[in-house]
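The questions below ask what stands behind the terms used for this structure. Each answer sets a value against its cut-off.

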Amino acid sequence: MANKLRWGIVGTGSIARKFANALVESSSSELVAIGSRSPERATRFVQDFATRAHGSYEELLADKEVDVVYISTPHPWHAKWIIKAAEAGKHILCEKPFAMNHAEAVTALEAAWRADVFLMEAFMYRCHPQTARLRKLLRDGAIGTVKYARAAFSFDGNFRPDSRAINHALGGGGILDVGCYCTSMLRLIAGEVNGKAFIEPEEVKGVAHIGAESRVDEFALASLRFPGGILGEAACGVQLALENNVRIVGTGGSIVIPEPWTPSREANFSKIIIFRGGVPEEIVIETDRSLYAIEADYVAEQINEGRRESRAMPWDDTLGNMKTLDLWRESIGLTYDADNV
């Protein structure tokens, strides 16, 4: 590719490092700058990358050689830096959750619309060919009429009071951190069954274990009812390890996705398993790049096509997912400071 898309990364956490490493694999993109809240952290981060270090996020956004930014700050700052990046004329890939709530998400999306820049919520699994294959299986009626789907994403982060995962001030808790994946997948599944890319639930009911010390949902469940008689179940947590997979049940069988959220994480292939009686059928999806490299190349493709919202995660999809998360949190009585603004 003659002119590679030039990336700047806002934040220097573990996800930022994973994305930076993936850009090395990318055929369409290159990392040109890192921004941190401190010059020391930025300098330490770029020691492994031939790129520039900026000692503030503002300095990164002022860098004229940056075309697109990847925002990987803690949750409460996502909307703020989306808005600032848009005002600086940068295209944007922002880590999930897109914002702390639906109202923040609307404000951030309006900023991107006014600035006429590309903006996508970084659900990397949506860019992976495994998800495209799942969509086709559902459209083709591979397991008959879908009645139920379950999506789980949870991990045991051990109880560390200073951990971002359980820090109330940083938007900690399972629903925002990993439950957002589950609701996005369930809405995708119900959408494809109803002939759409995604669809909103008619009802959301949740239960959760709220930590007495953390004041966040350390693990939580939600039941979702969708049009067409489809029921969904979301399970998430940051203090409890579950079997992180997706199971879809229809009148003619079931589909299991063993690695729905991080396909091709350990090898350049993933699989979907179909059960229709007899021997299970395995569908293997091969890739030539890692998950984050696929995501970066997808973003570059969308930008090069002149798009402002992506096919994989359009803006209405992001807004609908944020609304579902709001309803889940409302059901369990979990609020953050951003909800009171």
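Q: Leaving aside its neighbours within four places in sequence, which residues is Gln 302 in contact with?
A: In this predicted model, Gln 302 is in contact with Phe 118, Arg 307, Glu 309, Ser 310 and Arg 311, once neighbours within four places in sequence are left aside. Gln 302 itself is found in helix 8.

Q: Why is Gln 302 called buried?
A: The relative accessible area of Gln 302 is 0%. Buried means under 20%, so Gln 302 counts as buried.

Q: What makes the pair of Phe 123 and Tyr 125 edge-to-face?
A: The structure holds 11 aromatic pairs, and Phe 123 with Tyr 125 is an edge-to-face one, at 6.1 Å centre to centre with 75 degrees between the planes. Rings pair if their centres lie within 6.5 Å, and planes over 60 degrees apart count as edge-to-face. The distance of 6.1 Å therefore makes Phe 123 and Tyr 125 a pair, and the 75 degrees make the pair edge-to-face.

Q: Why is the pair of Phe 123 and Tyr 181 called edge-to-face?
A: The ring centres of Phe 123 and Tyr 181 are 5.1 Å apart and the planes stand at 85 degrees, so the pair is edge-to-face. The cut-off for that term is over 60 degrees.

Q: What parts of the chain does the pair of Phe 123 and Tyr 181 link?
A: Phe 123 is in the loop between strand 6 (119-121) and helix 6 (129-139), while Tyr 181 is in helix 7 (residues 174-193). They are 58 residues apart, and the pair links distant parts of the chain.

Q: How do you know that Phe 123 and Tyr 125 are buried?
A: Phe 123 has a relative accessible area of 0%, and Tyr 125 has 0% relative accessibility. The limit is under 20%, so Phe 123 is buried and Tyr 125 is buried. Tyr 181 is also buried.

Q: Which residues do ring pairs link into a cluster?
A: The cluster consists of Phe 123, Tyr 125, Phe 153, Tyr 181 and Trp 261.

Q: How do you know that the charged end of Arg 17 sits over the ring of Phe 45?
A: The charged end of Arg 17 sits over the ring at 4.6 Å from its centre. The distance limit is within 6 Å, and the charge must also be within 35 degrees of the ring normal. Lys 84 has its charged end over the ring of Trp 81, 5.9 Å from the ring centre.

Q: Why is helix 1 called roughly perpendicular to helix 8?
A: Helix 1 (residues 14-25) and helix 8 (residues 291-304) pack at an angle of about 70 degrees, and their axes are 8 Å apart. Angles of 65 to 115 degrees count as roughly perpendicular, so helix 1 is roughly perpendicular to helix 8. On the side of helix 1 the contact includes Ile 15, Phe 19 and Leu 23, and on the side of helix 8 Tyr 292 and Ala 296 are among the residues. The residues of this contact divide into seven nonpolar, no polar and three charged.

Q: What makes helix 4 and helix 5 roughly parallel?
A: Helix 4 (residues 78-87) packs against helix 5 (residues 102-115) at about 10 degrees, with axes 8 Å apart. Angles under 35 degrees count as roughly parallel, and the two helices are therefore roughly parallel to each other. Ala 79, Ile 82, Ile 83 and Ala 86 of helix 4 meet residues of helix 5 that include Thr 107, Ala 108 and Ala 111. By type, the contact has eight nonpolar residues, one polar and one charged.

Q: What covers the buried residues of helix 4?
A: The cover includes helix 3 (57-61), strand 4 (68-71), strand 5 (91-94), helix 5 and strand 6. Among the buried residues of helix 4 are His 78, Trp 81 and Ala 85.

Q: Why are Asp 116 and Arg 215 called partly exposed?
A: Asp 116 has a relative accessible area of 48%, and Arg 215 has 48% relative accessibility. Buried is under 20% and exposed over 50%, so Asp 116 is partly exposed and Arg 215 is partly exposed. Asp 116 is in the loop between helix 5 and strand 6, and its phi is positive, near 60 degrees. Arg 215 is in the loop between strand 8 (203-210) and strand 9 (217-226), with a positive phi near 65 degrees.

Technical notes:
Residues are numbered from 1 along each chain as its sequence is written. This is a predicted model: local features need pLDDT of at least 70, side-chain atom pairs count only at pLDDT 80 or more; totals for chains, interfaces and linings use all residues. Side-chain values use heavy atoms; hydrogens and water are left out. Rings of Phe, Tyr and Trp (its six-membered ring) pair if their centres lie within 6.5 Å; planes under 30 degrees apart count as stacked, over 60 as edge-to-face and the rest as tilted. Buried means under 20% relative accessible area, exposed over 50%, partly exposed in between (1.4 Å probe, protein chains only). Helices (H or I, at least four residues) and strands (E, at least two) are DSSP runs, numbered from the N terminus. Axes are lines fitted to C-alpha atoms, for helices over the stretch in contact, and angles run from 0 to 180 degrees between N-to-C directions. Angles under 35 degrees count as roughly parallel, over 145 as roughly antiparallel, 65 to 115 as roughly perpendicular and the rest as oblique. Contact means heavy atoms within 4.5 Å. Ala, Val, Leu, Ile, Met, Phe, Trp, Tyr, Cys and Pro count as nonpolar, Asp, Glu, Lys and Arg as charged, and the others, Gly among them, as polar.
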